[in-house]
Amino acid sequence: MAPVRWIVDASNVIGSRPDGWWHDRDRAARRLADDVTAWAAVTGSSVTLVLDRPVAGLEPGLHDGVTVAVARWRGRDAADHEIVWIVEEDAEPGTLRVVTSDRRLRERVEALGGRVVSSLRFRTDLDRS
């Protein structure tokens, strides 16, 4: 069996903690990317961070072992659609751990064979590393 791979709904994790992220959404996304990169380095995990929209200073692609993806769709739930597409296209969805607390996304991912970890639990793990 392949190793676990993580797909992170960035907006959902950012919004899991009321730390003033709404004052500068791009900064919050960059800070999350830094936290995820540090966590991935410590744990050796493969991570894809999915953004709803482009973020200044955070280009799509591979950055220090973390893949940054920007949803191809626009509007509400853009990242959710991108995440579902990633899971649908994966040959081994059972090795995926999608980080979200969105009930509808969780249902869709699980129906495709992926597993879900809550945003708050993941945020707690990031804070500990």
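**Figure 1. Aspartate 64, an exposed loop residue.** Aspartate 64 is exposed, with a relative accessible area of 70%; exposed means over 50%, buried under 20% and partly exposed in between, using a 1.4 Å probe and protein chains only. Aspartate 64 sits in the loop that links β3 and β4. Helices (H or I, at least four residues) and strands (E, at least two) are DSSP runs, numbered from the N terminus. Although aspartate 64 is not a glycine, its phi is positive, about 50 degrees. Most residues other than glycine have a negative phi.

**Figure 2. How confident is the predictor in this chain?** This is a predicted model, in which local features need pLDDT of at least 70 and side-chain atom pairs count only at pLDDT 80 or more, while totals for chains, interfaces and linings use all residues. Residues are numbered from 1 along each chain as its sequence is written, and side-chain values use heavy atoms, leaving out hydrogens and water. The chain has a mean pLDDT of 93, and 99% of its residues reach 70 or more; pLDDT is the predictor's confidence in each residue, from 0 to 100. Among the elements, the lowest mean pLDDT (89) belongs to strand β3 (residues 61-63), and the highest (98) to strand β5 (residues 96-99).

**Figure 3. The largest nonpolar core.** A nonpolar core is a set of buried Ala, Val, Leu, Ile, Met, Phe, Trp, Tyr and Cys residues joined through side-chain atoms within 4.5 Å. Of the 25 residues in the largest one, Leu32, Val36, Val47, Leu49, Leu51 and Phe122 touch the most other members. Two or more residues each come from β1 (5-9), α1 (10-14), α2 (25-43), β2 (46-51), β4 (66-70) and α5 (119-128). With seven residues, α2 gives the most to this core. Another core, of 12 residues, lies apart from it and includes Val50, Ala79, Val84 and Leu96.

**Figure 4. Helix α2 and its surroundings.** From first C-alpha to last, the 19 residues of α2 reach 27 Å, close to the 27 Å expected at 1.5 Å a residue; the expected span is 1.5 Å times one less than the number of residues. Among the buried residues of α2 are Asp26, Leu32, Val36 and Trp39. Their cover includes β1, α1, β2, β3, β4 and α5. After α2 comes glycine 44, with a positive phi near 75 degrees.

**Figure 5. Threonine 48 in strand β2.** Is threonine 48 buried or exposed? With a relative accessible area of 18%, threonine 48 is buried, and it is found in strand β2. Leaving aside residues up to four places away in sequence, threonine 48 touches Trp6, Ile7, Val8, Thr67 and Ala69; contact means heavy atoms within 4.5 Å.

**Figure 6. Arginine 106 in helix α4.** Look for arginine 106 in helix α4 (residues 103-111). Arginine 106 is partly exposed, with a relative accessible area of 31%. Not counting residues up to four places away in sequence, arginine 106 touches Thr100 and Val116. Valine 117 is 11 residues from arginine 106 along the chain, and their C-alpha atoms are separated by 8.8 Å.
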